[in-house]
Amino acid sequence: MPAVTTAKPFQPRIERRTDPVSEADRDAILNAPGFGQHFTDHMFLAEWTPEAGWHDERIVPYGPLALDPATAALHYAQEIFEGLKAYRHENGSVWVFRPEQNAARFQRSAARMMLPELPIDWFIESIDALLSVDGAWVPGGGEKALYLRPFMFGSESFLGVRSARKATYAVIASPVGGYFDAGVKPVSLWLAENYTRASAGGTGAAKCGGNYAASLLPLAEAAQHGCEQVVFLDATEHRMVEELGGMNLYFVYDDGQLVTPASDSILDGIIKKSLRDVAADLGYNVTERPIAIEEWTEGVAAGRITEVFACGTAAVITPIGRLVWSGGEVNSAADGQAGPVTATLRRALVDLQYGRAQDTRGWMHRTGR
Ligand SMILES: *Cc1c(COP(=O)(O)O)cnc(C)c1O
(Lines give C-alpha, C1' and ligand atoms only; values in the text may rest on other atoms or scores of the structure.)
Protein backbone atom coordinates (compact mmCIF):
# COMPACT_ATOMS: atom_id res chain seq x y z
CA MET A 1 0.00 0.00 0.00
CA PRO A 2 1.71 3.19 -1.14
CA ALA A 3 0.45 5.31 1.74
CA VAL A 4 2.53 8.32 2.66
CA THR A 5 1.00 10.16 5.56
CA THR A 6 3.93 12.07 7.03
CA ALA A 7 3.29 15.69 6.15
CA LYS A 8 6.11 17.75 4.77
CA PRO A 9 5.59 21.46 5.29
CA PHE A 10 2.96 22.76 2.92
CA GLN A 11 4.55 25.52 0.86
CA PRO A 12 2.68 26.10 -2.38
CA ARG A 13 4.37 28.19 -5.00
CA ILE A 14 1.91 30.71 -6.43
CA GLU A 15 1.93 31.59 -10.10
CA ARG A 16 -0.78 34.17 -10.67
CA ARG A 17 -2.74 34.41 -13.85
CA THR A 18 -1.69 37.48 -15.83
CA ASP A 19 -5.11 37.73 -17.53
CA PRO A 20 -7.65 37.09 -14.74
CA VAL A 21 -11.36 37.32 -15.54
CA SER A 22 -12.39 40.98 -15.23
CA GLU A 23 -14.43 42.06 -12.24
CA ALA A 24 -17.40 42.84 -14.48
CA ASP A 25 -17.28 39.41 -16.16
CA ARG A 26 -16.84 37.68 -12.81
CA ASP A 27 -19.83 39.57 -11.35
CA ALA A 28 -21.92 38.49 -14.33
CA ILE A 29 -20.95 34.85 -13.72
CA LEU A 30 -21.58 35.09 -9.97
CA ASN A 31 -25.02 36.54 -10.67
CA ALA A 32 -26.15 33.44 -12.57
CA PRO A 33 -23.52 30.76 -12.04
CA GLY A 34 -25.46 27.64 -13.03
CA PHE A 35 -23.72 24.49 -11.80
CA GLY A 36 -20.19 23.44 -12.70
CA GLN A 37 -19.95 25.56 -15.85
CA HIS A 38 -17.53 28.31 -14.85
CA PHE A 39 -14.23 27.93 -13.03
CA THR A 40 -12.13 30.34 -11.01
CA ASP A 41 -8.87 31.91 -12.21
CA HIS A 42 -6.58 29.37 -10.52
CA MET A 43 -6.23 25.74 -9.54
CA PHE A 44 -4.17 23.86 -6.98
CA LEU A 45 -1.86 21.03 -8.05
CA ALA A 46 0.55 18.66 -6.28
CA GLU A 47 2.40 15.52 -7.31
CA TRP A 48 3.21 12.28 -5.56
CA THR A 49 5.75 9.54 -6.11
CA PRO A 50 6.74 6.74 -3.71
CA GLU A 51 10.26 8.18 -3.44
CA ALA A 52 9.45 11.86 -2.93
CA GLY A 53 6.00 11.63 -1.30
CA TRP A 54 3.80 14.67 -1.90
CA HIS A 55 5.70 17.50 -3.55
CA ASP A 56 5.58 20.37 -6.06
CA GLU A 57 2.49 21.89 -4.46
CA ARG A 58 1.48 24.93 -6.45
CA ILE A 59 -1.28 27.31 -7.41
CA VAL A 60 -1.26 28.01 -11.12
CA PRO A 61 -3.61 29.59 -13.67
CA TYR A 62 -6.68 27.40 -14.31
CA GLY A 63 -6.23 25.57 -17.58
CA PRO A 64 -5.81 22.27 -19.42
CA LEU A 65 -3.57 19.53 -18.03
CA ALA A 66 -1.15 17.99 -20.51
CA LEU A 67 -1.60 14.22 -20.19
CA ASP A 68 0.35 11.45 -21.86
CA PRO A 69 -2.13 9.22 -23.74
CA ALA A 70 -0.93 6.31 -21.57
CA THR A 71 -1.82 8.12 -18.31
CA ALA A 72 -3.02 5.34 -15.99
CA ALA A 73 -6.29 7.01 -14.93
CA LEU A 74 -7.49 7.23 -18.55
CA HIS A 75 -7.33 3.46 -18.90
CA TYR A 76 -7.97 1.89 -15.52
CA ALA A 77 -9.96 4.63 -13.78
CA GLN A 78 -7.71 5.10 -10.77
CA GLU A 79 -9.43 8.33 -9.79
CA ILE A 80 -11.15 9.70 -6.69
CA PHE A 81 -12.77 13.01 -5.86
CA GLU A 82 -14.46 15.11 -3.21
CA GLY A 83 -17.06 17.85 -3.28
CA LEU A 84 -17.55 20.61 -0.74
CA LYS A 85 -18.68 24.23 -0.76
CA ALA A 86 -17.38 27.59 0.44
CA TYR A 87 -20.17 29.85 1.71
CA ARG A 88 -20.07 33.62 2.03
CA HIS A 89 -21.64 34.82 5.27
CA GLU A 90 -23.56 38.10 5.67
CA ASN A 91 -20.44 39.89 7.02
CA GLY A 92 -18.41 38.91 3.95
CA SER A 93 -16.36 36.14 5.61
CA VAL A 94 -15.93 32.80 3.80
CA TRP A 95 -16.50 29.40 5.44
CA VAL A 96 -16.28 25.72 4.48
CA PHE A 97 -18.49 23.03 6.04
CA ARG A 98 -16.59 20.23 7.87
CA PRO A 99 -13.62 20.01 5.45
CA GLU A 100 -11.81 17.55 7.75
CA GLN A 101 -14.64 15.08 7.05
CA ASN A 102 -14.03 15.36 3.32
CA ALA A 103 -10.29 15.02 3.93
CA ALA A 104 -10.78 11.82 5.93
CA ARG A 105 -13.14 10.36 3.34
CA PHE A 106 -10.63 11.27 0.61
CA GLN A 107 -8.08 9.15 2.49
CA ARG A 108 -10.54 6.24 2.73
CA SER A 109 -11.31 6.50 -1.00
CA ALA A 110 -7.58 6.65 -1.76
CA ALA A 111 -6.92 3.51 0.29
CA ARG A 112 -9.63 1.58 -1.60
CA MET A 113 -8.35 2.70 -5.00
CA MET A 114 -4.65 2.15 -4.20
CA LEU A 115 -3.89 5.85 -4.46
CA PRO A 116 -1.60 7.60 -1.95
CA GLU A 117 -3.29 9.14 1.08
CA LEU A 118 -3.13 12.90 1.19
CA PRO A 119 -2.46 14.23 4.73
CA ILE A 120 -5.60 15.80 6.24
CA ASP A 121 -3.70 19.07 6.79
CA TRP A 122 -2.67 19.27 3.16
CA PHE A 123 -6.25 18.73 1.99
CA ILE A 124 -7.53 21.62 4.14
CA GLU A 125 -4.54 23.85 3.41
CA SER A 126 -4.89 23.32 -0.33
CA ILE A 127 -8.45 24.65 -0.09
CA ASP A 128 -7.38 27.55 2.11
CA ALA A 129 -4.58 28.38 -0.35
CA LEU A 130 -6.85 28.34 -3.40
CA LEU A 131 -9.45 30.47 -1.60
CA SER A 132 -6.81 32.96 -0.51
CA VAL A 133 -6.12 33.60 -4.21
CA ASP A 134 -9.65 33.12 -5.65
CA GLY A 135 -11.77 34.18 -2.65
CA ALA A 136 -13.50 36.87 -4.72
CA TRP A 137 -15.15 34.02 -6.64
CA VAL A 138 -17.26 32.99 -3.63
CA PRO A 139 -20.71 34.36 -4.49
CA GLY A 140 -23.00 35.86 -1.87
CA GLY A 141 -26.76 35.70 -1.47
CA GLY A 142 -29.40 33.02 -1.84
CA GLU A 143 -28.02 29.51 -1.90
CA LYS A 144 -25.02 30.37 -4.01
CA ALA A 145 -21.62 29.01 -3.07
CA LEU A 146 -18.23 28.19 -4.49
CA TYR A 147 -18.17 24.45 -5.15
CA LEU A 148 -14.73 22.95 -4.48
CA ARG A 149 -13.66 19.83 -6.33
CA PRO A 150 -10.51 18.19 -4.95
CA PHE A 151 -9.52 15.12 -6.98
CA MET A 152 -6.64 12.72 -7.45
CA PHE A 153 -5.67 10.36 -10.22
CA GLY A 154 -2.96 7.90 -11.18
CA SER A 155 -0.81 10.04 -13.47
CA GLU A 156 1.97 7.61 -14.31
CA SER A 157 2.22 6.79 -18.04
CA PHE A 158 2.14 3.05 -18.57
CA LEU A 159 -0.24 0.31 -19.63
CA GLY A 160 -0.61 -2.44 -17.10
CA VAL A 161 -2.84 -3.33 -14.19
CA ARG A 162 -1.03 -2.17 -11.07
CA SER A 163 -1.29 0.97 -8.99
CA ALA A 164 0.34 4.01 -10.53
CA ARG A 165 3.71 5.13 -9.16
CA LYS A 166 2.79 8.74 -9.80
CA ALA A 167 -0.32 10.52 -8.63
CA THR A 168 -1.57 14.06 -9.17
CA TYR A 169 -3.80 15.90 -6.70
CA ALA A 170 -5.77 18.92 -7.87
CA VAL A 171 -8.40 21.32 -6.57
CA ILE A 172 -10.60 23.30 -8.93
CA ALA A 173 -13.48 25.58 -7.93
CA SER A 174 -16.74 26.51 -9.61
CA PRO A 175 -19.30 29.11 -8.47
CA VAL A 176 -22.73 27.50 -8.23
CA GLY A 177 -26.36 28.42 -7.72
CA GLY A 178 -28.95 25.82 -6.72
CA TYR A 179 -28.20 22.27 -7.87
CA PHE A 180 -31.55 21.51 -9.44
CA ASP A 181 -32.81 24.06 -11.95
CA ALA A 182 -36.32 24.02 -10.55
CA GLY A 183 -35.24 24.95 -6.98
CA VAL A 184 -36.51 22.99 -4.00
CA LYS A 185 -39.18 21.03 -5.84
CA PRO A 186 -39.79 17.31 -5.29
CA VAL A 187 -37.61 15.12 -7.50
CA SER A 188 -38.93 12.00 -9.25
CA LEU A 189 -37.05 8.71 -8.95
CA TRP A 190 -36.80 5.69 -11.20
CA LEU A 191 -36.20 2.42 -9.39
CA ALA A 192 -33.27 0.67 -11.08
CA GLU A 193 -34.24 -3.01 -11.12
CA ASN A 194 -31.75 -4.13 -13.78
CA TYR A 195 -28.70 -2.15 -12.69
CA THR A 196 -26.82 -1.72 -9.45
CA ARG A 197 -24.46 1.07 -8.43
CA ALA A 198 -22.24 -0.86 -6.07
CA SER A 199 -21.86 -4.31 -4.55
CA ALA A 200 -20.60 -5.64 -1.24
CA GLY A 201 -16.81 -5.62 -1.39
CA GLY A 202 -16.89 -3.26 -4.39
CA THR A 203 -16.18 0.44 -4.56
CA GLY A 204 -19.54 1.86 -3.48
CA ALA A 205 -18.13 3.44 -0.34
CA ALA A 206 -15.27 5.11 -2.24
CA LYS A 207 -15.94 8.41 -3.99
CA CYS A 208 -14.46 7.36 -7.32
CA GLY A 209 -15.30 8.51 -10.82
CA GLY A 210 -16.00 4.96 -12.01
CA ASN A 211 -19.08 4.68 -9.79
CA TYR A 212 -20.56 7.65 -11.58
CA ALA A 213 -19.72 6.28 -15.03
CA ALA A 214 -21.65 3.14 -14.09
CA SER A 215 -24.70 5.20 -13.04
CA LEU A 216 -25.14 6.99 -16.38
CA LEU A 217 -26.97 4.23 -18.23
CA PRO A 218 -29.56 3.72 -15.49
CA LEU A 219 -29.90 7.52 -15.38
CA ALA A 220 -30.73 7.51 -19.09
CA GLU A 221 -33.29 4.76 -18.42
CA ALA A 222 -34.80 6.98 -15.71
CA ALA A 223 -35.12 9.85 -18.17
CA GLN A 224 -36.90 7.56 -20.64
CA HIS A 225 -39.45 6.92 -17.91
CA GLY A 226 -39.86 10.61 -17.16
CA CYS A 227 -37.80 10.54 -13.96
CA GLU A 228 -34.99 12.86 -12.90
CA GLN A 229 -32.87 10.56 -10.71
CA VAL A 230 -32.28 6.86 -10.06
CA VAL A 231 -32.61 4.94 -6.81
CA PHE A 232 -30.34 1.92 -6.50
CA LEU A 233 -30.97 -1.30 -4.59
CA ASP A 234 -28.42 -3.72 -3.16
CA ALA A 235 -26.58 -5.90 -5.67
CA THR A 236 -27.32 -9.28 -4.02
CA GLU A 237 -31.07 -9.37 -3.46
CA HIS A 238 -32.13 -6.27 -5.42
CA ARG A 239 -34.35 -5.51 -2.49
CA MET A 240 -32.61 -3.31 0.09
CA VAL A 241 -32.63 0.43 -0.58
CA GLU A 242 -29.19 1.98 -1.06
CA GLU A 243 -29.08 5.55 -2.40
CA LEU A 244 -29.33 7.73 -5.49
CA GLY A 245 -26.43 8.14 -7.93
CA GLY A 246 -24.97 10.94 -5.83
CA MET A 247 -27.20 11.50 -2.81
CA ASN A 248 -28.20 9.58 0.32
CA LEU A 249 -31.79 8.95 1.38
CA TYR A 250 -33.88 9.65 4.49
CA PHE A 251 -37.39 8.47 5.33
CA VAL A 252 -39.70 10.34 7.71
CA TYR A 253 -42.24 8.19 9.58
CA ASP A 254 -45.60 9.28 10.97
CA ASP A 255 -44.36 8.68 14.54
CA GLY A 256 -41.50 11.19 14.14
CA GLN A 257 -38.79 8.61 13.43
CA LEU A 258 -36.21 9.33 10.76
CA VAL A 259 -34.55 6.36 9.04
CA THR A 260 -31.58 6.34 6.68
CA PRO A 261 -30.53 3.07 4.99
CA ALA A 262 -27.56 1.15 6.40
CA SER A 263 -25.31 -0.67 3.92
CA ASP A 264 -21.59 -1.20 3.34
CA SER A 265 -21.89 -0.19 -0.30
CA ILE A 266 -23.43 3.23 0.35
CA LEU A 267 -21.29 6.33 0.07
CA ASP A 268 -21.01 7.70 3.58
CA GLY A 269 -22.31 11.21 2.99
CA ILE A 270 -21.23 14.07 5.21
CA ILE A 271 -24.64 15.72 4.92
CA LYS A 272 -26.29 12.40 5.84
CA LYS A 273 -24.03 12.11 8.87
CA SER A 274 -24.51 15.75 9.88
CA LEU A 275 -28.29 15.47 9.62
CA ARG A 276 -28.29 12.82 12.32
CA ASP A 277 -27.07 15.47 14.77
CA VAL A 278 -29.12 18.34 13.36
CA ALA A 279 -32.29 16.22 13.46
CA ALA A 280 -31.56 15.01 17.00
CA ASP A 281 -31.18 18.65 18.12
CA LEU A 282 -34.66 19.30 16.72
CA GLY A 283 -36.10 16.36 18.67
CA TYR A 284 -36.27 13.71 15.95
CA ASN A 285 -35.18 10.16 16.59
CA VAL A 286 -32.76 9.03 13.87
CA THR A 287 -31.86 5.43 13.11
CA GLU A 288 -29.67 3.87 10.46
CA ARG A 289 -30.88 0.43 9.48
CA PRO A 290 -31.52 -1.68 6.39
CA ILE A 291 -34.77 -0.75 4.68
CA ALA A 292 -36.43 -2.89 2.01
CA ILE A 293 -38.07 -1.43 -1.07
CA GLU A 294 -41.51 -2.80 0.00
CA GLU A 295 -41.23 -0.91 3.26
CA TRP A 296 -40.83 2.26 1.19
CA THR A 297 -43.61 1.63 -1.36
CA GLU A 298 -46.09 0.18 1.15
CA GLY A 299 -45.14 2.74 3.79
CA VAL A 300 -45.87 5.67 1.49
CA ALA A 301 -49.09 4.06 0.22
CA ALA A 302 -50.31 3.44 3.79
CA GLY A 303 -49.24 6.85 5.11
CA ARG A 304 -46.67 5.42 7.57
CA ILE A 305 -43.88 7.14 5.63
CA THR A 306 -44.91 10.76 5.34
CA GLU A 307 -41.85 12.27 3.65
CA VAL A 308 -38.80 11.05 1.75
CA PHE A 309 -35.80 13.22 0.98
CA ALA A 310 -32.35 12.94 -0.54
CA CYS A 311 -29.28 14.73 0.80
CA GLY A 312 -25.78 15.66 -0.30
CA THR A 313 -23.47 18.66 -0.51
CA ALA A 314 -24.54 19.76 -3.98
CA ALA A 315 -28.30 19.96 -3.43
CA VAL A 316 -28.33 20.00 0.44
CA ILE A 317 -31.76 18.38 0.92
CA THR A 318 -34.16 17.59 -1.91
CA PRO A 319 -37.69 16.30 -1.33
CA ILE A 320 -38.61 13.13 -3.19
CA GLY A 321 -41.96 13.03 -4.98
CA ARG A 322 -42.74 10.13 -7.32
CA LEU A 323 -40.98 6.78 -7.03
CA VAL A 324 -41.64 4.96 -10.31
CA TRP A 325 -40.93 1.31 -11.20
CA SER A 326 -41.95 -0.91 -14.08
CA GLY A 327 -45.19 -1.95 -12.33
CA GLY A 328 -46.38 1.22 -10.63
CA GLU A 329 -45.55 4.27 -8.58
CA VAL A 330 -46.06 6.01 -5.25
CA ASN A 331 -45.78 9.70 -4.49
CA SER A 332 -44.56 11.02 -1.16
CA ALA A 333 -45.01 14.69 -2.08
CA ALA A 334 -48.27 14.70 -3.98
CA ASP A 335 -48.84 18.40 -3.27
CA GLY A 336 -45.59 19.32 -5.06
CA GLN A 337 -44.02 20.75 -1.90
CA ALA A 338 -41.30 19.74 0.52
CA GLY A 339 -42.90 18.19 3.63
CA PRO A 340 -42.60 20.00 6.98
CA VAL A 341 -39.77 17.84 8.38
CA THR A 342 -37.81 18.05 5.12
CA ALA A 343 -38.24 21.83 5.05
CA THR A 344 -37.30 22.25 8.72
CA LEU A 345 -34.11 20.18 8.42
CA ARG A 346 -33.15 21.91 5.20
CA ARG A 347 -33.54 25.34 6.77
CA ALA A 348 -31.54 24.33 9.86
CA LEU A 349 -28.63 23.07 7.78
CA VAL A 350 -28.61 25.95 5.29
CA ASP A 351 -28.83 28.50 8.14
CA LEU A 352 -25.78 26.89 9.73
CA GLN A 353 -23.81 26.85 6.48
CA TYR A 354 -24.62 30.50 5.77
CA GLY A 355 -23.87 31.65 9.33
CA ARG A 356 -27.44 32.46 10.29
CA ALA A 357 -27.57 29.80 13.01
CA GLN A 358 -25.09 29.27 15.81
CA ASP A 359 -22.36 26.77 15.00
CA THR A 360 -22.46 24.89 18.31
CA ARG A 361 -20.31 21.98 17.06
CA GLY A 362 -17.51 23.92 15.39
CA TRP A 363 -18.43 22.49 11.98
CA MET A 364 -17.63 25.66 10.01
CA HIS A 365 -14.01 26.32 9.00
CA ARG A 366 -13.15 29.96 8.27
CA THR A 367 -11.07 30.50 5.16
CA GLY A 368 -10.50 32.73 2.16
CA ARG A 369 -11.19 36.41 1.79
C1 LIG B 1 -20.78 12.48 -2.69
C2 LIG B 1 -21.87 11.48 -2.67
C3 LIG B 1 -22.94 11.56 -1.76
C4 LIG B 1 -23.15 12.73 -0.83
O5 LIG B 1 -22.10 12.95 0.05
P6 LIG B 1 -21.98 14.32 0.86
O7 LIG B 1 -20.72 14.18 1.61
O8 LIG B 1 -23.15 14.41 1.75
O9 LIG B 1 -21.96 15.42 -0.16
C10 LIG B 1 -23.87 10.53 -1.75
N11 LIG B 1 -23.76 9.48 -2.59
C12 LIG B 1 -22.76 9.38 -3.49
C13 LIG B 1 -22.71 8.20 -4.38
C14 LIG B 1 -21.78 10.38 -3.55
O15 LIG B 1 -20.79 10.27 -4.45
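The following legends describe close-up views of one predicted model. Because the model is predicted, local features need pLDDT of at least 70 and side-chain atom pairs count only at pLDDT 80 or more, while totals for chains, interfaces and linings use all residues. Residues are numbered from 1 along each chain as its sequence is written, and side-chain values use heavy atoms, with hydrogens and water left out.

**View 1. The two domains of the chain.**
The chain is divided into domain 1 (13–176) and domain 2 (187–353); such bounds come from an automatic or database domain assignment. A distance of 28 Å separates the C-alpha centres of domain 1 and domain 2. Between them, 20 residues of domain 1 are in contact with 23 residues of domain 2, where contact means heavy atoms within 4.5 Å.

At Lys207, an unreviewed UniProt entry places the feature "modified residue: N6-(pyridoxal phosphate)lysine". UniProt positions are given in the numbering used here, feature names are shortened, and annotations may be inferred rather than shown by experiment. Lys207 lies in the loop between strand S9 (187–191) and helix H5 (209–224). Helices (H or I, at least four residues) and strands (E, at least two) are DSSP runs, numbered from the N terminus. Lys207 counts as buried because its relative accessibility is 12%; buried means under 20% relative accessible area, exposed over 50%, and partly exposed in between (1.4 Å probe, protein chains only). Leaving aside residues up to four places away in sequence, Lys207 touches Ile80, Phe81, Glu82, Gly83, Arg105, Ser109, Tyr212 and Leu267.

The structure holds one cavity of 30 Å³ or more. On a 1 Å grid over the protein atoms alone, a cavity is a set of points where a 1.4 Å probe fits but cannot get out, and lining residues have an atom within 4 Å of a point. Grid points are joined across faces, edges and corners, and a volume is the space filled by probe spheres set on the points. The largest cavity contains about 40 Å³ of space. Its lining consists of Gly83, Leu84, Lys85, Tyr87, Phe97, Asn102, Ile270 and Thr313. Strand S5 (residues 84–88) supplies the largest share of this lining, three residues. By class, the lining has four nonpolar, three polar and one charged residues; Ala, Val, Leu, Ile, Met, Phe, Trp, Tyr, Cys and Pro count as nonpolar, Asp, Glu, Lys and Arg as charged, and the others, Gly among them, as polar.

**View 2. Two residues with positive phi.**
His238 is not a glycine, yet its phi is positive, at about 55 degrees. His238 is placed in the loop between strand S10 (229–233) and S11, and its relative accessibility of 33% makes it partly exposed. Val316 also has a positive phi, near 65 degrees, in a residue other than glycine. Val316 belongs to strand S16 (residues 316–325) and is buried, with a relative accessible area of 6%.

Met247 lies in the loop between strand S11 (241–244) and strand S12 (248–253). With a relative accessible area of 6%, Met247 is buried. From C-alpha to C-alpha, Met247 and Ile271 are 9.2 Å apart in space and 24 residues apart in sequence. Phe35 is found in the loop between helix H1 (23–31) and strand S2 (42–49), and counts as partly exposed at 23% relative accessibility. Phe35 and Asn91 are 56 residues apart along the chain, and their C-alpha atoms are separated by 25 Å.

Note on methods: 1 Å grid on protein atoms, 1.4 Å probe; cavity = no way out; pocket = protein on both sides within 12 Å on 5 of 7 lines; lining within 4 Å.
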